[in-house]
Amino acid sequence: MEMENSAVTQDGIATVLSNGSVDSSSVRPQIVVQVVDLKAVGNRYTFSANDGKTKIKAMLPASLTSDIISGKIQSLGLIRLLDYTVNDIPGKSEEKYMLITKCEAVASALDSEIKSDFKASTGIVLKPKQEFLAKSASQIINEQRGNAAPAARMAMTRRVHPLVSLNPYQGSWTIKVRVTNKGVMRTYNNARGEGCVFNVELTDEEGTQIQATMFNAAAKKFYDRFEQGKVYYISRGSLKLANKQFKTVQNDYEMTLNENSEVEEASNEEMFTPEIKFNFVPIDELGTYVNQKDLIDVIGVVQSVSPTMSIRRKNDNEMIPKRDITLADETKKTVVVSLWNDLATGIGQELLDMADNHPVIAIKSLKVGDFQGVSLSTISRSSVVINPDSPEATKLKSWYDSEGKETSMSTIGSGMSSSANNGSRSMYSDRVSLSHINSNPSLGEEKPVFFSTRAYISFIKPDQTMWYRACKTCNKKVTEAMDSGYWCEGCQKKDQECSLRYIMAVKVSDSMGETWFSAFNDEAEKIIGCTADELNILKSEEGEVNEFQTKLKEATWSSHLFRISVSQQEYNGEKRQRTTVRGVSPIDFAAETRLLLQDISKNKTSQ
């Protein structure tokens, strides 16, 4: 037995390639191979699987990274492949690669690469695993199947694909996933009619996530079937490129399930807990995400934990528990994370009990807000891991123990205005002139970029649409109801009154050039000096020179500090640069003078 454990399976790769293992319905023989040329590619590892005669390219799942780091799986070592798929290399149909979903280490590194030419001299016995090659695929399936439940049969007869391997051009596939977030059923009414829709977030064993959407008949069919936390086999769905505007998970694709899709609960099957994949943002870089749609992941050392508080929710007056924790990382910055609901009472209490030991915690899916400059909040699908077993956590803990606890930290929000989505910095950082924006037409192509600038309002077009009718509860646009009052799609209710909110364009100038800024309600109020409702009343007055004109004239040629974002928008198939005001401040002349003096001394030094 010892001998067999340290031997590769003779002709194992050739057997896999020839016995139709590529076909989704066959059972894969478990073969022992040698790992050759193991190397990291992104967050995964690739290698060549070698059986002495044949080599094939192979990829290991992210879930086995810890085995590679710990040395369990080594280059030149032997592993047994327990579950895998064989796929074509795109563009090279004659070449194949193995995507390994499960394997186990058999032996540590040998002295050299196994080659059949000198197998006698290495003393390695190449012996096939008879029990796998002797039986036909159908025999094995029938034995394993027995009286399995439908979901188990689905697992036996179809190869389960990891989510990372799916793409829109693939034929049939089956995935085994856990529902990690279930959305509410929403109704919609657009040009194509009305209907209903809901989403689920699905996570496989490797931690890869995808969002699946169901419309109308499919939504009604599957809404009750999907339960949060349960594991399902799913097949016969379709994939398309994810709409960046609405995507909630890190995946280039999104899935649509229709009426004919198959969804079966894996109730009698071995359950799994998805490996959580993180994409950490350092604390000092959180600013650029303030009030953006992107959710972020963070890792930090716990500095302090507050007692639990009860907060009254605005929209329904319900009292919900909240707990604040302060995290620090190697950027020597701290940030406050608000844990809500069960996370506040459950894991939050655990953290309070162990706060003196300063544990490292990793949190997935946080919203970045602007309270006190920058703050983080959990949402329904956030997850917290205490002292994660990861290289990042080990590095952070050793930094904290050796120097971090003695270092003086500053809060990430210090020196930032908390009044608006201002790209997180103070008005005195990233300072540019307007010519910098005008002379760089590609600014903001990837994602919005943030700057500060000092400029004058040079023109406000009086006949533009300056405001919209907004719901008094949620500020979304309302439409006039049939009889009277206003209908809000967001709140799904009618109100007798609405409020006006600014959405306007203003021309700004400085000594280097001029451009147009888009300004929304809070920022526009600071520019005009009154609310949209008040300005509307002035506009309705009669006469050539009325208060409305005077108000706009007063706002012109006044100087402000602006925090702005520059992004690209497509309009009639053409990309255009759009500059949006994120914050407006009056000029602090003392700070402004200090900035000018800094510039002068920089220029002197450079000369």
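A: The protein chain has 16 helices and 29 strands. The model is a predicted one. Of the 607 residues in the protein chain, 43% are buried. Contacts between residues at least 6 apart in sequence can be split by separation: 64% of them join residues at least 24 apart.

Now the rings. A pair of aromatic rings is described by the distance of the centres and the angle of the planes. The structure holds ten aromatic pairs. One of them joins Phe 222 and Phe 226, with 6.2 Å from centre to centre and 50 degrees between the planes. That pair is tilted. An angle under 30 degrees would count as stacked and one over 60 as edge-to-face, so 50 degrees falls into the remaining class.

Another pair is made by Phe 278 and Phe 280. Their ring centres lie 5.0 Å apart. Their planes meet at 15 degrees, and the pair is therefore stacked. The cut-off for stacking is under 30 degrees.

Phe 278 has a relative accessible area of 25%, so it is partly exposed. Phe 280 is partly exposed as well, because its relative accessible area is 22%. Buried would require a value under 20%.

Phe 222 and Phe 226 form one aromatic cluster with Tyr 232.

Arg 236 is not a glycine, yet it has a positive phi of about 65 degrees. Asp 37 also has a positive phi, about 55 degrees, without being a glycine. Asp 37, however, is placed in strand S1 (residues 31–41). Its relative accessibility is 48%, so Asp 37 counts as partly exposed.

Next, a strand residue with partners elsewhere in the chain. Gln 303 belongs to strand S14, which covers residues 296–305. Gln 303 is partly exposed, because its relative accessibility is 25%. Leaving aside residues up to four places away in sequence, Gln 303 touches Thr 326, Leu 327, Ala 328, His 358 and Tyr 400. The C-alpha atom of Gln 303 is also 9.3 Å from that of Lys 405. Those two residues are 102 residues apart along the chain.

Last, a helix pair. Two packed helices are described by the angle between their axes and the distance between the axes. Helix H14 spans residues 532–539, and helix H15 spans residues 547–555. Their axes come within 7 Å and cross at roughly 130 degrees. H14 and H15 are therefore oblique to each other. A roughly antiparallel pair would need an angle over 145 degrees. On the H14 side, the contact is made by Leu 535, Leu 538 and Lys 539. H15 brings Glu 547, Phe 548, Lys 551 and Leu 552. By class, the contact has four nonpolar residues and three charged ones, with no polar residues.

Methods. Residues are numbered from 1 along each chain as its sequence is written. This is a predicted model: local features need pLDDT of at least 70, side-chain atom pairs count only at pLDDT 80 or more; totals for chains, interfaces and linings use all residues. Side-chain values use heavy atoms; hydrogens and water are left out. Rings of Phe, Tyr and Trp (its six-membered ring) pair if their centres lie within 6.5 Å; planes under 30 degrees apart count as stacked, over 60 as edge-to-face and the rest as tilted. Buried means under 20% relative accessible area, exposed over 50%, partly exposed in between (1.4 Å probe, protein chains only). Axes are lines fitted to C-alpha atoms, for helices over the stretch in contact, and angles run from 0 to 180 degrees between N-to-C directions. Helices (H or I, at least four residues) and strands (E, at least two) are DSSP runs, numbered from the N terminus. Angles under 35 degrees count as roughly parallel, over 145 as roughly antiparallel, 65 to 115 as roughly perpendicular and the rest as oblique. Contact means heavy atoms within 4.5 Å. Ala, Val, Leu, Ile, Met, Phe, Trp, Tyr, Cys and Pro count as nonpolar, Asp, Glu, Lys and Arg as charged, and the others, Gly among them, as polar.
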